[in-house]
Amino acid sequence: MSEMKTDAFWMPFTPNRSFKAAPRIVERAEGIYLMEKSGRQIIDATAGLWCSNAGHCRAEIADAIHQQAKKLDYSSIFNFGHDLGFEYSERLVGYTPDGLNRVFFGNSGSEAVESALKIALQYQRARGKGTRTMFIGREKGYHGVNFGGISVGGIAPNYQSFGQPVKANHMRHTLDIERNAFSRGLPEHGVELAEDLQRLVAFHGADQIAAVIIEPFAGAGGVVLPPKGYLKRIREICDQHDLLLIFDEVISGWGRTGSPFASIEWDVTPDMITSAKGITNATVPLGAVFVHDHIYNTVMDAAPEGMVEIFHGYTYSAHPVACAAGMATLDIYEREGLLTRAAGDIGSHWEAALHSLADLDKVIDVRNYGLVGAVELNAPAELKGKYGAKVSAAAWEAGVMARGIGDALCMSPPLIIEAHEIDAIVDKLRGVISSLA
């Protein structure tokens with residue numbers, strides 16, 4: 001067998017030279033496991049990239065993709081439609097908070113965010129408030145990698161080479177290990193951090209701000225959970241100043257917290273929700289923005305009859321094969337009760353297992369909710385901010401895929417995971433962490 005050539009592929013979010021010197025190649029996947037060419041199994045404790053919520057290679061989804069590709073592989077969605085796009089939209093909004101009854105499709109979380117930002121601007125203009133063109137994001141926030149997303153996002157390496165061309169400012173993040181270390185569920189301390197939004201409103205003026213966009217919990221920022229009462233206070237401040245509130249639920253949606261969306265789990269209704277990843281179990285790329293009726297109706301009413309209401313969209317919006325994958329994914333979620341499973345015994349087992357690592361000297365924090373969690377490590381000075389990547393590589397060699405972010409190991413296992421598989425993850429991580437110098 002000839003040696004695999006790796007030169008042509010410029011890999012994203014990867015140190016290409018290091019990776020290509022020692023590639024880690026996944027050949028196939030099944031359930032919660034990844035398999036290397038050698039046949040070695042790796043427990044996928046990240047559900048791909050926060051996305052394969054129903055586990056890998058589900059036959060039902062593959063069959064739906066196959067059948068749809070044979071029936072209608074593609075049709076333009078500009079001034080045309082197909083039944084599946086409308087059927088899927090109606091089914092999706094059965095899971096969203098009350099009032100969020102409109103769906104705008106894209107192909108990824110990044111495109112969902114870009115669409116939400118544009119919809120916010122269109123809404124403000126439609127209601128005669130065209131000066132509202134700024135956005136407020138949050139430090140440690142991740143909202144994809146398009147120019148709007150990196151502008152409202154709060155992870156410095158994602159924008160330092162490209163700038164932040166969309167007008168934005170950022171609230172303080174809510175990670176407070178000193179006060180909240182080893183919290184089980186939502187941390188007790190930090191609701192007052194929501195008042196930072198008041199500071200930014202006072203600085204810029206509410207008449208300049210179109211929307212606030214935050215993740216209910218920060219994912220790529222290191223699994224940072226909202227303090228108790230924090231999201232409700234953000235909602236109150238947005239209402240006080242007539243600001244739209246966008247929840248980026250690309251990671252937190254589709255069962256991760258024990259409800260279909262974190263906004264439902266924590267009883268805070270935003271004006272828009274961005275979604276992707278678990279929406280199709282990551283089998284076919286698809287993103288969506290769920291939009292409140294009041295936004296949709298305002299934009300519709302402001303446009304002359306017969307005219308395009310918003311000049312935005314994608315060639316592959318509501319792609320029929322992606323919609324078929326999404327429909328089959330919803331079937332699995334419903335049949336197996338996966339969207340609420342993390343709120344039950346398996347979520348409790350996950351919490352107890354992760355927190356069992358608290359006795360290790362190198363562990364300075366464990367945080368969790370539903371089926372998401374992070375183990376924060378005490379990094380040597382020379383590896384501060386990069387320790388997670390080093391330990392993640394060691395975990396891979398031990399048989400666990402865990403994402404290294406900063407100095408933490410971050411995990412979001414498939415929602416189908418069983419207790420003995422959680423125990424295997426934690427046992428392997430205990431060995432890895434215990435061996436650290």
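In the predicted model, Tyr333 is buried, with a relative accessible area of 1%; buried denotes under 20% relative accessible area, exposed over 50% and partly exposed in between, for a 1.4 Å probe and protein chains only. Trp254 is likewise buried, at a relative accessible area of 0%. Residues are numbered from 1 along each chain as its sequence is written. Because the model is predicted, local features need pLDDT of at least 70 and side-chain atom pairs count only at pLDDT 80 or more, whereas totals for chains, interfaces and linings use all residues; side-chain values use heavy atoms, with hydrogens and water left out.

A pair of aromatic rings is described by the distance of the centres and the angle of the planes. Rings of Phe, Tyr and Trp (its six-membered ring) pair if their centres lie within 6.5 Å, and planes under 30 degrees apart count as stacked, over 60 as edge-to-face and the rest as tilted. The structure holds 7 aromatic pairs. In one of them, the ring centres of Tyr74 and Tyr316 are 6.1 Å apart and the planes stand at 75°, so this pair is edge-to-face. Tyr74 lies in the loop between α3 (59-71) and α4 (83-92), and Tyr316 in the loop between α11 (293-302) and α12 (320-336), so the pair ties together parts 242 residues apart in sequence. Tyr74 is partly exposed at 32% relative accessible area, and Tyr316 is partly exposed at 46%.

The rings of Trp254 and Tyr333 have centres 6.3 Å apart and planes at 20°, so the pair is stacked. Ring pairs link Tyr95, Trp254, Phe261, Phe290 and Tyr333 into a cluster.

Notes:
Helix = DSSP H or I, 4+ residues; strand = E, 2+ residues; numbered from the N terminus.
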